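Keep the viewer open and follow along.

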Amino acid sequence: MTEEALHGLTISELRVSFDGFTAVDGVDLRVGPGDLRFLIGPNGAGKTTLVDAVTGLARATGSVRFGGRELLGRPVHRIARLGIGRTFQTATVFENLTVVQNLDIAAGAGRRPLTLLRQRRSVPPEVDEALTTVGLAPHAHRLAGTLSHGQKQWLEIGMLLVQNVELLLLDEPVAGMSHEERDATGALLRTVASERTVVVIEHDMEFMRAFASSVTVLHAGRVLSEGSPAEVRADPRVQEVYLGHAPERPTAAAHVGEEP
Amino acid sequence: MTVILSQSFTGISIGAVLLLIALGLSLTFGQMGVINMAHGEFIMAGAYTVYVVQKSIDSAGTSLLISLPLAFLVAGAMGVLLEWLLIRRLYARPLDTLLVTWGVSLMLQQLARDIFGAPNVNAQAPSWLSGRITLVDGEHSLTLAHSRLFILGLAIAAVVALTLTLRRTSLGRRIRAVVQHRDLAEASGIATGRVDRITFFIGSGLAGLAGVALTLVGPIGPTMGTNIIIDAFLVIVVGGIGQLRGAVIAAFALGVLQAVMEYSTTVSVARVTVLVAIVAFLQWRPQGIYTLRTRSLA
Amino acid sequence: MTDHQTETGTGNGTGDETTTGNGSGARGARWRLAGGYAAAAVLLFAVAPAVLSDFRLEQLARYLCFAMVAVGISLAWGRGGMLTLGQGLFFGLGGYAMAMHLKLADAGPGQLPDFMLLYGSTDQLPWWWEPFRSPVVAIAAVFLVPMAVAAVIGFLVFRRRVRGAYFAILSQALAAAFAILLIGQQATTGGTNGLTNFQGFFGFALNDPINRRTVYFVIAGTLLALMLLTRQLFLSRYGELLVAVRDSEERVRFLGYDPALVKLVAYVVSAGMAGLAGALFVPAVGIISPALIGIVPSIQFLIGAAIGGRASLVGAALGAIAVAWAQTTLSEEFPAAWTYFQAGLFIVVVAFLPGGLISLRQLLTRRRPTPLGAST
């Protein structure tokens, strides 16, 4: 996949409400082709809901365009077929299937019915490649349910790779990971992002600083600030939100305010 | 015109029976997510309670009044026993709960056959319930049986009592807390296991009441529960999970639809039509009349 | 026949059978499979006809029909997670389609079936009976009609994401409504009595024991064929996808599949199997009636599969045969005790051994559901 083939994500006037509560309130957001964008903000800022709206899980108004196509109003599986993939806060893999089977299913959305009805005789090359990329080759034939939490997250990322997505939306990919796992995931993200447009929701500011190429801060369903990690860190409104409204997250605030 | 009215009244009385049964289900299925197929046999237990009480007390009226709380207790106790023995081990597997409780329902039916015999029996209706109220006299007379009115009253009373319990009492608050967030409720000091058991007691007890009501309009038999339980489940499906008002609307809507269709076609065609109507309705509102929206993945 | 099978089917998993087929370990599995089916064929085609009386063989034919339904249930429920409490609907559609043809064939060209003359309520054949005069139409209808009905139901239900308990209750209500409809239309369906008293089966007299044996052979052959077909589905990529849909429908959707379509295929195939079973049940047993397809028989279909092993093809089929056999032999002598025993076993297995009795084998041999084949 070449740089020219990449598409950007353009969100305008996006609004999502549940039973009177507006979770996303008129968000305008552009993620350029090949960007590695971090989406941060205090709890309840609407980060996950935004991703839900983009991927068709939550009903929304406004407009979400990817590569010239409007996404809103399409069913989830159609959006996925346009090359948009996501992960969830809690790793969701098919626990009763092996790692290879998980990846093979992810690789196969475009398969013809006749292919589906046949047995898989060997491991498809793209699955093999993904196994190596996410470092699960030694566990290829283990049931996914027996993997560790971090390994499941990597398997999910691997599934997105073989799914051949152009836009990756990752919801807290390093939450609950050990330090070593986090570093490995960061390196993995870099590899992945070199050929794709990536949006990451993250609470871990250290992780963000190490890997983000741009950052959007959401607060109360709106965009509060946007720019490079350094610009966002310097924005007084961001410091206000983290220091003034979220005292229960002092580490996050400290990281935002910290000079490199 | 009076024909439609009179069928509507029939429908409302069908709806009242459905509602009584569905109320208990809306607690156990709606609030707790447990599909208890033995609910129908708790109804049967309530009905046989009337039969047994009448064996020792001659007056049909007195025995009916004694049977009401007694049937509630009997069916409630059976519910608690079932919850404690089996269901609490299966909260994570709702479909297996359905199958397990169906096995229990088979056993309870056989138990009833062994104790009371396979043929249906009848309970005496008290004299003060045997009359009819005439609303419109003449060629198309419009009458309402006292027994039907009694069932309607019982259903309304049960709805009001249940609503008050859930909204106003501390028990109700605990039940709702466990329904909404089990782990959080547990963390804030609510004994969720006990709350589950109490919820099950009330839900099953309501089935007992429904059983008492059913003795006024039909015979008592080992399989009396099976035939009506599917309809009651459909009420919950249409009404929406965990919603009392949904159950109320759905029960009466299905009852009236059934009665009106029965008049214009036959009983069997009416049943099929009602079912088709339900499938069509689910196309429009797959989660029932009232839904709780969540953003969880499942 | 169990000892030779390769299917294992863990409780909720797919067992090792889905991971065979790549590498050298698969070769042994394939030989064991071939051996297993050969042994089953010898048992069904040579041993059983040799040792069983005509009466017992006909009973076995009936159990094999139930096994066909159970095979479909293991596909839809065991692998697809759709708790089909209403297979009686499809069993009945297939059964009635066949029975209508046999009735018309018995009556002769242009004549009415005997029961219609008996009730005297109609002197003209209803329009929807007419096509069943043709044997070709009837044979096609026994599986196409159930599959078409399942396709319509499935499309409406899965598209709107009606699932879990909602689906179970709805499917059960449909079976109940179908039985009630048949009872209500006595003049054209035979009502509670159903359709019975068949003289011939595609030109062969059913009172001839040789022909009844032939019916048994047709049933045994059909069951084996359906099992091979289902096994292929289990092992295929579709089979893996079906398990994925069962375990996390939403996740599959985010991978670009439409889960409704995936489920629909399994549901429709299982309906076709139930229809075929119902159709073959008719010449084997000589009756189809509402009592055989309502709520209770619909759940009975499931009991065998649940006790044997819902996710295992062999478990489900053997479970259905064993339960049906026990039902006939034990319930005649101890009706009450049998009910308690059957219900008790069902409760214990579903609650504490969801993989069914066949999963005991794994527990006993401590075989882990790790894959056999090595990656290439």
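Is strand β7 (residues 167-171) of chain A mostly covered or mostly uncovered? Strand β7 of chain A is mostly covered, with four of its five residues buried. Please keep in mind throughout that this is a predicted model.

**The six-stranded sheet of chain A**

Strand β7 belongs to an open sheet of six strands in chain A, whose order is β6-β7-β8-β3-β9-β10 and whose pairing is mixed. At the edges stand β6 (84-86) and β10 (222-227) of chain A, each with a single partner strand, so one side of each has no neighbour in the sheet. On average, neighbouring strands here are turned by 20° against each other, direction ignored.

β6(A) and β7(A) pair in the parallel sense through three bridges, and A:R86 stands opposite A:L169 in β7(A). Next, β7(A) runs parallel to strand β8 (residues 197-201) of chain A, to which five bridges join it. In that pairing A:L167 faces A:T197 of β8(A). Further along, strand β3 (residues 36-40) of chain A is joined by four bridges to strand β9 (residues 214-219) of chain A, and these two also run parallel. A:I40 has A:V217 in β9(A) as its bridge partner.

Strand β1 (residues 9-18) of chain A runs antiparallel to β2(A), and eight bridges join the two. A handy landmark is A:R15, which stands opposite A:D25 in β2(A).

How many of the eight residues of α1(A) are buried? Eight of the eight are, so the helix is largely enclosed by the rest of the structure. Among the buried residues are A:K47 and A:D52, along with A:L50, A:V51 and A:V54. After α1(A) comes A:G56, whose phi is positive, near 90°.

**Where chain A meets chain C**

The contact takes 33 residues from chain A and 27 residues from chain C. On the chain A side, α2 (76-81), β6, α3 and α4 (113-116) each supply at least two residues. Helix α3(A) gives the most to this side, with five residues. The residues that chain A brings to the contact divide into 13 nonpolar, 13 polar and seven charged.

Chain A has a mean pLDDT of 84, and 91% of its residues reach 70 or more. Which helices mark the lowest and highest confidence in chain A? The lowest is in helix α11 (residues 250-257) of chain A, at a mean of 44, and the highest is in helix α3 (residues 99-107) of chain A, at 93. Over residues 245-260 of chain A, pLDDT stays under 50, and the model has 18 contacts beyond four places in sequence for this stretch. Where pLDDT is low, the predicted coordinates should not be read in detail.

**Chains A and B in outline**

The secondary structure of chain A comes to 11 helices and 10 strands, while that of chain B comes to 11 helices and two strands. Read from the N terminus, chain B has the element order α-α-α-α-β-β-α-α-α-α-α-α-α. For chain A, a compact globule of 260 residues would have a radius of gyration near 18 Å, and the value of 19 Å agrees with that. For chain B, with 298 residues, the globule value is near 19 Å, and the chain's 19 Å agrees.

Key:
Residues numbered from 1 in each chain as written. Chains lettered and ligands numbered in written order. Predicted model: local features only at pLDDT ≥ 70, side-chain atom pairs only at ≥ 80, totals over all residues. Rg over C-alpha atoms; globule rule 2.2 N^0.38 Å. Pairing = 2+ DSSP bridges. pLDDT = per-residue confidence, 0-100. Contact = placed C-beta atoms within 7 Å. Axes fitted to C-alpha atoms, helices over the stretch in contact; angles between N-to-C directions. Nonpolar A, V, L, I, M, F, W, Y, C, P; charged D, E, K, R; others polar. Buried ≥ 20, exposed ≤ 12 C-beta atoms within 10 Å, placed from the backbone.
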